Amino acid sequence: MNHQEFEQFVTESGKDILRFCRMTAMDREAGNELYQDTMLKLLEKKNKLDNRENVKSYALSVSVMLWKSKRKKYSVRKRIAPVSSLEDAIERGEQFESESCGSLETAVIKEQEAELIRAVVAKLPDKYRIPIYMRYSADMKTDEIADCLHIPLNTVKTRMRKAKQLLKKELEVMGYDR
Amino acid sequence: MTDERLEQLLETALAPEISDAEIRMKRKARNGKMNKMMKTGLALAACLAVLAAVGFGKGYFKEKDNSVSVEAMEDKNTEEKDGRVNTVNLTEETSEEKTIKSFTLTAFSAKMDENVEVPLIMDNRQEWVIGGDEEQNTIHYAINTFFKCEGEDIESIKYSVEGGFFEIEELPDKSIITDAQDYTGKLQVTDSCGLVDENGNNISTARFVSEYTLDYNAQQNDTTFFAVHGEKEGEQWWSDVLFYADMDANEAAEKKAEIYTELLRDMEITCTVYYKDGTTASATIVGYGKAVTFEEAGIPLEENGEVLRRNGIPVTPNDKMAMIVFRLK
């Protein structure tokens, strides 16, 4: 992979990888650092990378490996869904002009809901959490996740199924969509 | 909650927008000489080992010939086998008479001997974890240990370790430890992640000790796990081999085995059994790395239609993997 191809790869897959890193590290700054470390590692190896292969899958493998071996550095800080009122948000001068949300209030509620979901997912054991992030944050297919984690396809499916069961249970206990 | 609703929530919550500016690289690549060791993931040890709390009492490692299984086995209930085959004969003199006593020491249910290597781990297994420390240039390891003694008239068993320390994870109300000596050595003891339940909640306490004692009749339970930790100053090429290994997988296996041996060189676990008549006997356990073929390790290359792959490539019987093995000294 030459420099241009690498740039292209970053443009095409960078967002998925960064999203995955932020979710996995459970912290924006730590996730950014994990992303930078991952891409740096890839850049160092870019001459050995073949862009006909699934480089994104390899990149996520590197992220997982880095995160595992550097867990202290990316300090696992369990996120707690923030209790942020609409008034607080307005006071901070936050702008909510999402076309899909329509109103400031809806936008805040949506963001709080997203934070809540992220917090619940973050509580899952790693073996369930990582495949969920790969699927939803990094937009990976199940077979790609299996390849990336070096585990059988059926194991990925089992873990995803179990993860969703746990999430449903937790969300329902919290009174969510019961 | 419907599956569709959950799917929608996850898609929305876990895929926030990211701008083009955020994915720009902010650092330049280092050259090889600048590579530093990885940061220690000591906590990872317990995490990985314990997150799969399913592992307790299931005997991941079977006896020789099929002592290591592919990860596809992970979610199945593998039966623990009785590994007792022979006995280790140890002699002990008392003031009154010379008696010959024997006991069998097993690791992961496989009998240990001076000439029998019990494979402990393979790559990506959850019984073992390794991490590095960028600032301190060290490599730390943590290996789950499942030792068990069998013999007659044994009252209690003490395990002590040189060149490392033990971590014990247990539920406070289900402790089987009758005595323990806190670790006060120079190695850094880091918080472990502990035992978690299926919802990811921590439910255990961790103890870091240099020795611990168990009653013969209560050597194991489903909520106690043991790990041995150690640390060594690494060489710069270790991190590439251990954590990134983009070299040929067989070459990497050889190098990993070399590193494992070096990491465990100073680690010795002594098992001392206390007999009811007041006599004792002991055996010393050592560990080291070994590169073996998948065929030698007895690992099935295909299971339930799933082909075992490494870096996306199907594994062949002659492909090598690095293992840690234990044997009696």
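## Confidence in chain A

pLDDT is the predictor's confidence in each residue, on a scale from 0 to 100. The structure described here is a predicted model, and chain A has an average pLDDT of 76. In chain A, 74% of the residues score at least 70.

Helix α6 (residues 126-136) of chain A has the highest mean, at 91, and helix α4 (residues 86-91) of chain A has the lowest, at 43. Over residues 72-102 of chain A the pLDDT is below 50, and this stretch has 47 contacts in the model beyond near neighbours in sequence. Where pLDDT is low, the predicted coordinates should not be read in detail.

## Confidence in chain B and in the whole model

For chain B the mean pLDDT is 70, with 65% of its residues at 70 or more. Confidence in chain B is highest in strand β8 (residues 154-162) of chain B, at a mean of 94. The lowest mean in chain B, 37, belongs to helix α2 (residues 42-51) of chain B.

As for overall scores, the model has an ipTM of 0.76 and a pTM of 0.51.

## Make-up of chain B

Chain B contains five helices and 19 strands. Of the 329 residues in chain B, 55% are buried. Chain B exposes about 15300 Å², and carbon and sulfur atoms supply 43% of that area.

Among the contacts in chain B with a separation of 6 or more, 74% join residues 24 or more positions apart.

Thr38(A) lies in helix α2 (residues 28-44) of chain A. Is Thr38(A) buried or exposed? Thr38(A) has a relative accessible area of 0%, so Thr38(A) counts as buried, because buried means under 20% relative accessible area.

Leaving aside residues up to four places away in sequence, Thr38(A) touches Cys21(A), Ala59(A), Val62(A), Ser63(A) and Leu66(A). One of these residues, Cys21(A), is buried too, with a relative accessible area of 0%.

## Cysteines

Cys148(A) is buried, at 3% relative accessibility. How many disulfides does a search of the whole structure find? Over all chains, the search finds zero disulfides.

Conventions
Residues numbered from 1 in each chain as written. Chains lettered and ligands numbered in written order. Predicted model: local features only at pLDDT ≥ 70, side-chain atom pairs only at ≥ 80, totals over all residues. Heavy atoms only, no water. Helix = DSSP H or I, 4+ residues; strand = E, 2+ residues; numbered from the N terminus. Buried < 20%, exposed > 50% of the residue type's maximum accessible area, 1.4 Å probe, protein only. Contact = heavy atoms within 4.5 Å. Areas by Shrake-Rupley, 256 points an atom, 1.4 Å probe, with all protein chains shown as cover. Disulfide = S-S within 2.5 Å.
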